[in-house]
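Dear colleague,

I am handing over the structure below for your attention. A written account of the findings follows it.

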Amino acid sequence: MSNYHIKHLEEYFKVYRKSVREPEIFWEEIAEEHFLWRKRWDKVLSWDFKKPEISWFEGAQLNITENCIDRHLVTKGDKTAILFEPNDPNEKAQHITYNDLYKKVNQFANVLKQQGVNKGDRVCIYLPMIPELAISLLACARIGAIHSVVFAGFSSTALSTRINDSDCKMVITSDGSYRGSKTIDLKGIVDEALESCPDVKNVLVAKRIHSEIFMKEGRDQWLQPLLDQASTECEPTLMDAEDPLFILYTSGSTGKPKGMVHTTAGYMVYTAYTFKNMFQYKENDVYWCTADIGWITGHSYIVYGPLANGATTVIFEGVPSYPDFGRFWDIIQKHKINQFYTAPTAIRALAKEKIEFVEYYDLSSLKVIGSVGEPINEEAWHWYNDNIGKRNSPVIDTWWQTETGGIMISPIPYVTPTIPTYATLPFIGIQPAIMDDKGKELNGNQVEGRLCIKFPWPSIARTIWGDHKRYKETYFSTFENNYFTGDGALRDATGYYRITGRVDDVIIVSGHNLGTAPIEDAINEHPAVAESAIVGIPHDIKGNALYGYVILKEIGNTRDQNNLRKEINQIITEHIGPIAKLEKIQFTNGLPKTRSGKIMRRILRKIAGGDTSNLGDTSTLLNPEVVKEIMANVL
Ligand code: WTA
């Protein structure tokens, strides 16, 4: 019988054991019972982590959009597939049913075909969070074109690098976008980018802000008139299981961004299966993930995973602070959201605001609240659990990566007991390994080291576009026969996993490995602290010493700073030990962050270490101005 929906802990353990002992039988059953295939596979799995080569459901044929749309029409044609909440709360929300979605995707797919896009061609999508974004992904998938979504917050240089790397022949964009009280000239950015992309012959432009824009003769066309003339029927192109579905860029610790390639069948099976279980989605639930579709979280858990399950998925155009800091909670009340999935950085930002912004709204529809993207610190976890989940909705701290395609380690809500800051247990089929520095697997519990995955799962990225060598070097060369995540993790006495942060951020002090995340967690416990980041600086005796950057809440700014420094070190000593005490603490108003909300530690490390000669590329920062402030006040 089906193991598609896990409902209690014993069942999890039973199914997990099966998925590890007989992975091929296990995944074959899941694939067989829950998806629509045009041709069955010849072989469930072949793999070799040395080459590396991984293939799932080889020989099968399918189209992912038939699974995400067509097959739901009989039973759910009138159900809302996409619920669009505009930036302006006074603009009406839009309900796009599965029937509507079918027509819109087919029209868009027909337009792509008319414009000369063929199976295997790359299409760059640079759109704000409007329905056309999700629809354009699906339209590409309908005809077998490979989409490469570039987050619409990236600069023109970042956009052109990505367009050229994967040789996209078309760009889909809009006249502009709304972001809170601002409008952004997206088309202008595209025009600038395309000056260095000679191979792009075609630009389709969706109308959103109705601004006067430049349209290049022979290259740029408005999307809507083309859609209006297109047929609402488009036969799905049959795809081989291992045909690429999309490319998505992720930044490496060095060098140019890596175009991670995800393929069709395995990605579909894994994202659908994880979505169902991680969010315990039930018919009529309304699910909302606040990520941008420009990131993997949006691909897997706004578009493909939810739609493959026939869910209602929300697309929110705006920002959490507009028109005020109650916007997220307003949307939850307004659409009676049942599952809410966001990032720790958003949680911390909102936790800093007055609690009245939360209390004003009725959040009782919530059943599951999720976190993704970075380790969630203990204070943020509790704030989220107490004030948003009201201790009634489990917090799921989901660990995964662009490269993994889907959630890898996470509690399953109502199944796995949660502990703050622990991603807890591997999902079904996932076989983590913790390695020591010498590459030996650390067996048993109470171990800490580098996190690898030792067996393939269906949605692992298959290569880096155009650079298989780099794929091998980055992920399969550090630990033989293992996929290396680049993260550190510990397994506690009960077998629960805690992600300790990127391994590049591990700092060795007097021979002790210290993860930055647990230290930051401890510091953030201090009532006057809003956020913090730790880096290592060279030290004559200890090898490395710890340098902390700390953002204070309002109350902290009126306090004696030397006393605060003492208190912070006291808390660290209590939580971790005197070894983790900070050598220096710099108070700051901000931390340099990437547009996806991650702290750019590389920059902090350089400044703290007194090396400001070459800070590298700061153009992708959300707030490049804080770099100057930090440099001016370095201790
Ligand atoms: C980090 C996002 C701790 C981790 C889906 C990983 C996390 C990187 C968590 C991938 C979590 C993501 N706890 N760390 N719950 N989720 N990370 O590719 O370092 O944008 O390797 O994918 O984010 O980021 P990416």
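Two strands are said to pair if DSSP finds at least two bridges between them. Helices (H or I, at least four residues) and strands (E, at least two) are DSSP runs, numbered from the N terminus. This is a predicted model, in which local features need pLDDT of at least 70 and side-chain atom pairs count only at pLDDT 80 or more, while totals for chains, interfaces and linings use all residues. Residues are numbered from 1 along each chain as its sequence is written, and side-chain values use heavy atoms, with hydrogens and water left out.

Strands 1 and 2

Strand 1 (residues 43-48) pairs with strand 2 (residues 53-58) in the antiparallel sense, over 5 bridges. The two are joined by a hairpin through 4 residues. Within this pairing, Leu45 stands opposite Trp56 in strand 2.

Aromatic pairs

Rings of Phe, Tyr and Trp (its six-membered ring) pair if their centres lie within 6.5 Å; planes under 30 degrees apart count as stacked, over 60 as edge-to-face and the rest as tilted. By this rule the count comes to 45 aromatic pairs. One of them is formed by Trp47 and Phe455, whose ring centres are 5.0 Å apart with planes at 65°, so the pair is edge-to-face. This pair links distant parts of the chain, 408 residues apart: Trp47 belongs to strand 1, and Phe455 to the loop between strand 22 and strand 23 (463-464).

Are these two residues buried or exposed? Buried means under 20% relative accessible area, exposed over 50%, and partly exposed in between (1.4 Å probe, protein chains only). Trp47 is partly exposed, with a relative accessible area of 35%, whereas Phe455 counts as buried at 15% relative accessibility.

The rings of Phe279 and Tyr287 have centres 4.9 Å apart and planes at 65°, so this pair is edge-to-face. Phe279 counts as buried at 0% relative accessibility, and Tyr287 is buried with a relative accessible area of 0%. Ring pairs also link a cluster made up of Tyr4, Phe26, Trp27, Trp37, Trp41, Trp56, Phe57, Tyr270, Tyr273 and Phe427.

Strand 15 (residues 258-263) is mostly covered, as 6 of its 6 residues are buried. In a regular strand the side chains alternate between the two faces of the sheet. On one side of strand 15 lie Lys258, Met260 and His262, and on the other Gly259, Val261 and Thr263, all of them buried. Strand 14 (residues 244-250) pairs with strand 15 in the antiparallel sense over 6 bridges, and Phe246 stands opposite His262 in strand 15. Strand 15 is also joined to strand 23 by 2 bridges, and these two run antiparallel. There, Val261 stands opposite Thr463 in strand 23.

An open sheet of 4 strands has the order 21-22-24-25, with antiparallel pairing. Its edge strands, strand 21 (432-435) and strand 25 (497-502), each pair on one side only. Strand 22 (residues 447-453) and strand 24 (residues 483-491) pair in the antiparallel sense over 6 bridges. In that pairing, Gly449 stands opposite Ala489 in strand 24.

Helices 10 and 11

Helix 10 (residues 264-278) and helix 11 (residues 296-308) pack at an angle of about 85°, with their axes 8 Å apart. Axes are lines fitted to C-alpha atoms, for helices over the stretch in contact, and angles run from 0 to 180 degrees between N-to-C directions. Contact means heavy atoms within 4.5 Å.

In helix 15 (residues 378-388), the buried residues are Ala380, Trp381, Trp383, Tyr384, Asn385 and Ile388. These pack against helix 12 (327-335), strand 18 (339-342), helix 13 (344-351), helix 14 (356-359), strand 19 (368-372) and strand 20 (395-398). Helix 15 is followed by Lys390, whose phi is positive, near 50°.

Ser410 lies in the loop between strand 20 and strand 21, and counts as buried at 2% relative accessibility. Not counting residues up to four places away in sequence, Ser410 touches Met278, Ile396, Asp397, Thr398, Ala423, Thr424 and Leu425.

With kind regards
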